[in-house]
Amino acid sequence: MTDPATLDSLAARAESEIARAVSPEALDALRVTFLGRKSDLQAALKGISALPAGDRKDAGARLNLIKQRIEAAVGSRGAALAAGVGGPGADVTFPGRAVRSGTRHPLPATIEDICGIFGRMGFERAEGPEVETEYNNFDALNTPADHPARDMQDTFYVRPGLLLRTQTSAIWARVMARRDPPLRIVCPGRTFRRDAADSTHSPVFHQVEGLWIDEACSFSDLRGVLTAFFAEFFGREMKVRFEPRYFPFTEPSTEVSIECTSCGGKGCPACARSGWLEVLGAGMVHPNILAKAGRGYAKPGVRGFAFGMGPERLAMLKHRITDMRWLYDNDLRALGQVRG
């Protein structure tokens, strides 16, 4: 069994049967049949010694090539079975399952969107530590020691004088301490307060605050910047309302509302039938903050405005999300509904 025709016939038969093996057990049985000690191939290899001396080398080479072909067929089929290809009843021409592409989580995507819009308006992105000094978080921002926000029931204190920042306004103090005006920054980051988790509150949440200080800065600039921001963020012109409010770090201060994104200002349960949704606080930087910062901020004529918004709130409005906890559950079934 050393002539080329017989050997080719053996190899073709082995490759055909091995390719049809439907399980690892069946494949192993075929391996034994064609390569085992009692196989025709092994018998031919043992019979080489009985051939004339001049024929042994060529016969051995032909038999080794056939053995390699069969071993390659066994290895290929074994890999296919391990990958689950071509099993019983498998149709290898059937289209494969579509690969689901991922998408960004709506919360960081919203933060990047906000910062990108203000970046195109000339605001520089600034960041700071989440563990902050009491001075930067409160004192530098016109929040005196007797202010309710400094109570331990509202703020996470690490130790006396050190806390988890309650607002990204603390970044203002750090930037103003090392840079003179003019200043135009947007400050995103994670913040912490002792709030019970519910549909609209969380002890860990995010803020994006902005600060613009210059000699020619006015409340009209603040109105223009925020009105332009909402139009770009929501992709259409939005009605914006400014109402007087109190904030310790701005004077005058305003609460900013936009027309309801659900009803377009007509009134619905989402806006408590008012047609308006409160989205952020803003105002002109309090003179006490400018005076405490010193440097170029205390010069006559230097003014500024500031604003602060919650990305969770804006993400909920943009994507019609009704419960803030949905943003933190990381349920792929829910997150997959918000794309782009």
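So, I48: leaving out residues up to four places away in sequence, I48 touches R56, A59, G60 and L63, where a contact means heavy atoms within 4.5 Å. Take A59: I48 and A59 are eleven residues apart in sequence, and their C-alpha atoms sit 7.0 Å apart in space. You'll find I48 in the loop between α3 (40-46) and α4 (53-82). I48 counts as buried because its relative accessibility is 15%; buried is under 20% relative accessible area, exposed is over 50%, and partly exposed is in between, using a 1.4 Å probe and protein chains only.

Quick word on what we're looking at. This is a predicted model, where local features need pLDDT of at least 70, side-chain atom pairs count only at pLDDT 80 or more, and totals for chains, interfaces and linings use all residues. Residues are numbered from 1 along each chain as its sequence is written, and side-chain values use heavy atoms, with hydrogens and water left out.

Next, N137, which lies in helix α6 (residues 134-137). Helices (H or I, at least four residues) and strands (E, at least two) are DSSP runs, numbered from the N terminus. N137 is at 0% relative accessibility, so N137 counts as buried too. Among its contacts beyond four places in sequence are E132, L163 and R165.

Last, the sheet. What order do the strands of the open sheet take? The order is β2-β4-β3, three strands with antiparallel pairing; two strands pair if DSSP finds at least two bridges between them. β2 (131-133) and β3 (157-159) are the edge strands, each pairing on one side only. Two bridges join β3 to β4 (residues 162-164), and R159 has L162 in β4 as its bridge partner.
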